Amino acid sequence: MDSASVTAFFQTLVQGLLTGGLYALIGTGLSLIFGVMKVINFAHGDFLAIGMFITLALFKAFNIDPYLSLLVVAPAGFALGFLIQRFVLARLGDRLGEGSMLATLGLGLIVSNTLLLTFGAQPQSINVPYATTTFQFAGVQISIPLLVAGLGTLVAIVGLNLLLYRTELGRAIRATAQNPLGAELQGVKTTQIQAIVFGLGVAFAAIAGVLLMPLLYTFPTVGENYTTKAFIVTVLGGLGNLPGAVAGGLVLGVIESLGAFYISNNYRDAYGLIAFLLVLLLRPEGLFGKTVKRV
Amino acid sequence: MRKVTFLTLALTPLLALPASAQSSTGTIKIGAITSVTGRFAEFGKMQLAGFKVGVAEVNRKGGINGRKIELLIEDNASDVNKGLAAAERLVNAGVPLVINEYSSSLVKAQAQYLARQKVPNLIVTSSGDDITKPGSDYIFRLNQPATEYARVIFNIFRDNKFKSVAIIAGTGAFEKSVADAAQDFAKLYNITIVEDQRYDKGLTDFRPVLNRIKAKNPDGILMVSYAEDSVALMRQAREVGVKPRLFAGGAAGFALPDFIKDSGSAGESVITATAWVPQLRYAGVQKLNVDLKTALGGQEPSYHAAQAYAGVIVAAEAIRKAGSTDREKVKAALNALNMTTAFGPVQFKDYDGFRNQNPLAMVAQQVQGGAFVPIYPKSVVPRPIKFER
């Protein structure tokens with residue numbers, strides 16, 4: 001390999017890792033919700049779309065910088081998730097599985113169609129001066145917004161880990177995930193905890209939406225794509241396994257980038273799906289699933 | 001527009017009426033399908049403005065033999081199935097002819113359905129080659145086919161001694177047509193295609209492809225994509241730092257005023273093929289540009305608006321020549337038509353495997369200082385091209 005192709009390799013790798021970081025952020029929210037409530041949130045991508053559209057609306061109406069809108073979007077996402085769990089999903093009672101699956105699917109439809117009615121179907125984007133700014137590091141061009149997205153992911157995930165492992169609330173969340181009944185008997189308000197967890201999951205999706213906005217355009221059904229990606233990410237890493245979701249996101253980002261670079265872009269989505277199928281066939285517990293510890 | 005649609009709905013109970021049942025007095029109703037809503041709504045907006053200007057002009061000049069014209073505009077919601085339903089409603093409404101619009105993937109289905117129903121349809125914007133090649137007796141197209149989009153760009157590449165070109169194109173009917181035609185011109189002009197990458201709709205990360213292209217360092221990059229992708233492509237191209245001598249867009253997304261607005265500095269010095277510019281020297285071009293701008297509330301019109309306008313003018317002329325709203329007579333009139341509009345000369349010919357195709361060349365423009373300026377051919381008084389390197 002000559003130096004140009006080495007640079008091209010690292011360029012692709014870095015971009016894959018940064019894109020993968022965003023996938024990780026999206027996947028973490030999904031995995032967190034699954035870990036605690038055993039609910040697969042099929043509206044996850046649509047919550048991401050909400051984050052994108054709030055950012056878009058704030059930018060168009062008040063010219064608010066997309067990153068500043070995080071201050072609005074993150075709490076709004078949390079509140080939305082909290083309310084949905086409290087007043088919709090919690091009411092489905094113990095019918096886990098199909099009941100909650102259909103409910104989240106329905107919620108996703110409500111969200112995307114509300115966005116459609118409010119904003120119209122045409123793709124929209126925001127143009128910020130730093131959208132294409134880059135800096136060079138050892139010959140590799142790094143996009144500032146993409147790097148910010150990667151760092152944002154890092155902050156969010158570190159924050160989540162601190163919350164889970166360093167606070168009383170985190171202990172309650174972990175207890176609820178391990179044994180809801182046991183936690184309830186120990187005085188943990190599990191309904192409250194579940195609402196908080198769903199809020200956190202939705203907030204994560206919405207934050208990812210904000211971080212994507214300077215890079216991409218949005219349209220009401222943009223979420224579908226990301227629900228699929230989030231699902232692949234969590235399955236790659238093992239459902240409900242948070243470090244696994246992070247690793248799964250990075251793996252997916254790198255697989256897609258390298259595949260598109262070295263093989264062909266025409267089958268880009270196929271690379272992730274092939275990895276997904278292989279994992280399901282060979283390691284159904286996920287690349288970083290729980291059995292790893294037993295071996 | 002809403003009102004027009006309601007009118008059509010009101011006509012639907014009259015399904016059983018044959019085409020000739022349009023009364024011989026009162027307004028003449030011509031069908032039109034465009035994307036009023038959905039992902040192509042931006043183009044639809046341009047076309048609605050063109051329709052409005054066209055209808056106003058025909059009626060101001062006395063209509064067709066004293067009868068005013070009116071368009072029954074159906075929305076295909078940027079969706080194939082809704083497009084077919086829209087076409088069916090127009091067939092049932094008994095219109096003599098349907099003006100057929102934008103996205104090739106949709107128009108092809110609509111055109112074939114209309115042709116099977118023996119309704120002449122006049123395509124004004126959609127440019128996938130396979131719509132008029134092989135085509136049908138009932139399908140007429142006044143705008144340039146996709147081949148021409150590739151030709152004008154490759155003429156510029158050839159004139160500037162480009163040796164290598166990379167292609168990035170979507171997998172839709174239009175993008176595929178332009179990219180395939182580009183392959184042919186590359187062979188003809190002895191230009192090497194170093195990369196030909198196609199992507200599915202919904203892809204938002206072009207960086208790996210752009211990296212690949214960057215490594216090959218081609219003289220030119222031809223991108224064929226719709227509105228949203230064109231902005232994402234150029235942003236990421238700047239970000240990745242790929243630097244050909246010219247970035248070229250195969251119309252569609254790149255020719256819209258919104259491309260400049262949304263891509264900002266990333267879009268600077270991108271060249272694009274376009275079907276019409278106000279600098280062309282046909283009679284009435286300047287007036288059309290002003291009228292379209294007024295209809296758009298001050299926004300700069302794109303070529304889609306001029307094509308929609310021409311569609312109305314040509315449709316009205318064909319019905320006038322036919323002396324009737326009978327579909328067969330209108331078809332015969334379209335076949336014999338030879339006229340000049342502010343969009344360009346219109347005559348439907350059979351050539352190079354095309355049927356009922358208006359042979360018209362394209363022009364090219366470049367984003368210079370945040371505005372489109374014409375750069376090709378000689379007849380538009382071109383400005384010098386600015387190269388990236």
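In this predicted model, helix H9 (residues 222–237) and helix H10 (residues 242–262) of chain A pack at an angle of about 115°, their axes lying 7 Å apart. Axes here are lines fitted to C-alpha atoms, for helices over the stretch in contact, and angles run from 0 to 180 degrees between N-to-C directions. Helices (H or I, at least four residues) and strands (E, at least two) are DSSP runs numbered from the N terminus. The crossing of H9(A) past H10(A) is right-handed; a crossing gets this name if the near helix is turned clockwise from the far one by less than a right angle, and is left-handed if anticlockwise. From H9(A), residues including A:Ile232, A:Val233 and A:Leu236 meet residues of H10(A), among them A:Ala245, A:Gly248 and A:Val251. Contact is counted when the C-beta atoms of two residues, placed from the backbone, lie within 7 Å. The residues of this helix pair's contact comprise 7 nonpolar, 5 polar and 1 charged. Ala, Val, Leu, Ile, Met, Phe, Trp, Tyr, Cys and Pro count as nonpolar, Asp, Glu, Lys and Arg as charged, and the others, Gly among them, as polar.

Helix H6 of chain A (residues 168–178) has A:Ile173, A:Thr176 and A:Ala177 as its buried residues. Viewed down the axis of H6(A), these fall within an arc of 100°, so they line one face of the helix; the arc is that of the directions from the helix axis to the C-beta atoms. On the other side of H6(A), A:Glu168 and A:Gln178 are exposed. Buried means that 20 or more other C-beta atoms lie within 10 Å of a residue's own, exposed means 12 or fewer, and partly exposed is in between. The partners of the buried residues of H6(A) are helices H1 (3–37), H5 (144–166), H7 (180–185) and H8 (190–212) of chain A.

Turning to the two chains, their contact takes 32 residues from chain B and 29 residues from chain A. On the side of chain B, H8(B) gives the most, with 8 residues. That side divides into 11 nonpolar, 9 polar and 12 charged residues.

Chain B itself is divided into domain 1 (2–144 + 281–357) and domain 2 (147–274 + 363–380), with bounds from an automatic or database domain assignment. Taken over C-alpha atoms, the domain centres are separated by 29 Å. Each domain of chain B gives 15 residues to the contact between them.

Residues are numbered from 1 along each chain as its sequence is written, and chains are lettered from A and ligands numbered from 1 in the order in which they are written. Local features need pLDDT of at least 70 and side-chain atom pairs count only at pLDDT 80 or more, while totals for chains, interfaces and linings use all residues.
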